[in-house]
Amino acid sequence: MALSHTCRTVLSTRSLLLLMAVPMMGWGQTRQSQTVAPNHAVVTNSSSSDNNEGDLRNDLDSCHIHRVAGLPGSHQFASDFIETIASDPDPAAKDPDVIWGLTADLSSAVPFRDQAMYISKSTDGGATWTQVARVDSRYFDAKIGEGLRNGLIVAPGGAYFVITTQRGAFQVFPQSNASETSINPIMGPRVPDTPPKLSVTKKAGDPVRANAVEMTADGKHLIVGYGYFDLDPHLLTYHKDKNGSWIEDGPLPRLPTEMDILSMQFDDANKLNPGYLYVGTGDQVYLLNLRSMRWSRIEGVGPDSAIHGMSVVGGLHLAACWGVYNPSGPGSVRRVTKPTFLLHRTTDEAGSNLRAYSIEVDPSKPKREVVTSLTGVYTSEDSGESWRRLNDLPQEEFRTAHFNSDGTILVSGIAGTFLVNPFSDACSPHLKIRDK
């Protein structure tokens, strides 16, 4: 069995288990109660009594893990997991620490009428959050692995959002009352009448799942990736009409693969007219020249690699199913093999075959990187030459991360959302001379 298929199968099964079989597995109680990290970790919850800036800074400067509370929803299993984090694409945005996050409150312990996705805004790098939009169950399908691979893009100035779900892509307009969100569907492909290449859980005429999404910095052009385990991925482009709705232009040239689209980024997010588009799929990374409309493949990526995440800060960085890749030259990357990741700290098992979900690079200090993975969070401050696991976090899988302008990092996963400051002096290892 190919590695990418193995990884895809595991992820699909895990998605269904996490979001459909919660009561059977007892996740709703055991995971929610995991508020204290193992070993010597000090976890501080943000609340009305300790959520001021001074307390937060003291926590981070003391190398304490700061648990983020206050996200909307039931706080049942996985509802405090930010599955995707987005920033204002406008390069002239005033405050770089304003971010938005998408959470999915889809536990089967929550009544169906109350299940929802939420878009929340933070103005302090993820320490506190305010709900700005609620997306109800008409716009997603929690029965088909929803809640682990949804997309979120912010329009310039935070005027509206685009999300992707099993039911397609949607334009989400926040209202003064966050519970009265205005949502417009973005037209996309439908399941054809002809028999699919693989058995799918949808019928002819149903919307094809939308996954990765990108918007130009001026908010005038949109690209959405479609397809979900059907061996028929599509990339469609859109432009806005005079009323602000997204109108389909047509498909981009067909991808040179049948594997799902898992990640996507422009070569330079600040350009109004980017020249290239990177697309990570279930097997490789491909580069589309947006002038010639020709595809090429990024050199150095191992065979059958599922590319879950990417960053283009200082060159192309990849988070793949079986490893981490850093840039090695134009159109090429190299896999991190010399340094090893601590995969299981109880047995001191280490290796390079990390199942990574995201990789982020600090824009102000590009030598600093953070990787989220099935086995935790890892950081590097030497461009990936060496890595350190953040052992004070709960032992769970982490999916997303974001660098703040002050060097702190917001990380989120199944166990919840946390602010960490791994590059502070307090977090550096110190050796003491033992008295004789």
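Please keep in mind that the model is predicted. Its largest nonpolar core has 21 residues, and 7 aromatic pairs are found in the structure.

**Nonpolar cores**

- Within the largest core, the residues with the most contacts are W100, I119, L152, F161, I163 and V172.
- Six strands each supply at least two residues of this core: β4 (99-105), β5 (116-122), β6 (130-136), β7 (151-154), β8 (161-165) and β9 (168-173).
- Another core, of 17 residues, lies apart from the largest one, and its members include Y160, A169, V191 and V224.
- As a general background, nonpolar side chains tend to be buried together in soluble globular proteins.

**Two aspartates in one loop**

- The loop between β3 (82-87) and β4 holds D97, and D90 has its place in the loop between β3 and β4 as well.
- D97 has a relative accessible area of 16%, so D97 is buried, as this is under the 20% limit.
- Not counting residues up to four places away in sequence, D97 touches S122, T123, D124, G125, N404 and S405.
- D90, with a relative accessible area of 30%, is partly exposed.
- With residues up to four places away in sequence left out, D90 touches P156 and A217.
- D90 and G157 are 67 residues apart along the chain, yet 7.3 Å separates their C-alpha atoms.
- At 2.9 Å, the side chain of D90 reaches the backbone nitrogen of A92.

- Strand β20 (residues 317-320) pairs with strand β21 (residues 323-329) in the antiparallel sense, over 3 bridges.
- G329 has S332 in β22 as its bridge partner.

**Aromatic pairs**

- One of the 7 aromatic pairs joins Y160 and F173, which are tilted, at 5.4 Å centre to centre with 40 degrees between the planes.
- Y160 is in the loop between β7 and β8 while F173 is in strand β9, so this pair ties together parts that are 13 residues apart in sequence.
- Y160 counts as buried at 6% relative accessibility, whereas F173 counts as partly exposed at 23%.
- F341 and W387 form a tilted pair too, at 5.3 Å centre to centre and with 45 degrees between the planes.
- Because F341 lies in strand β23 (residues 341-344) and W387 in the loop between β27 (376-380) and β28 (388-389), the pair ties together parts that are 46 residues apart in sequence.
- F341 is buried, with a relative accessible area of 0%, and W387 counts as buried at 12% relative accessibility.
- Ring pairs link F341 and W387 with Y378 into a cluster.

**Arginines over rings**

- R209 lies over the face of Y228, at 4.8 Å from the ring centre.
- R399 is placed over the face of Y357, at 3.8 Å from the ring centre.

Terms used: Residues numbered from 1 in each chain as written. Predicted model: local features only at pLDDT ≥ 70, side-chain atom pairs only at ≥ 80, totals over all residues. Heavy atoms only, no water. Core = buried A, V, L, I, M, F, W, Y, C linked by side-chain atoms within 4.5 Å. Buried < 20%, exposed > 50% of the residue type's maximum accessible area, 1.4 Å probe, protein only. Helix = DSSP H or I, 4+ residues; strand = E, 2+ residues; numbered from the N terminus. Contact = heavy atoms within 4.5 Å. Polar contact = N/O pair within 3.5 Å; in protein donor to acceptor, adjacent residues only side chain to side chain. Pairing = 2+ DSSP bridges. Phe/Tyr/Trp six-rings, centres within 6.5 Å; stacked < 30°, edge-to-face > 60°. Lys NZ or Arg CZ within 6 Å of the ring centre and 35° of its normal.
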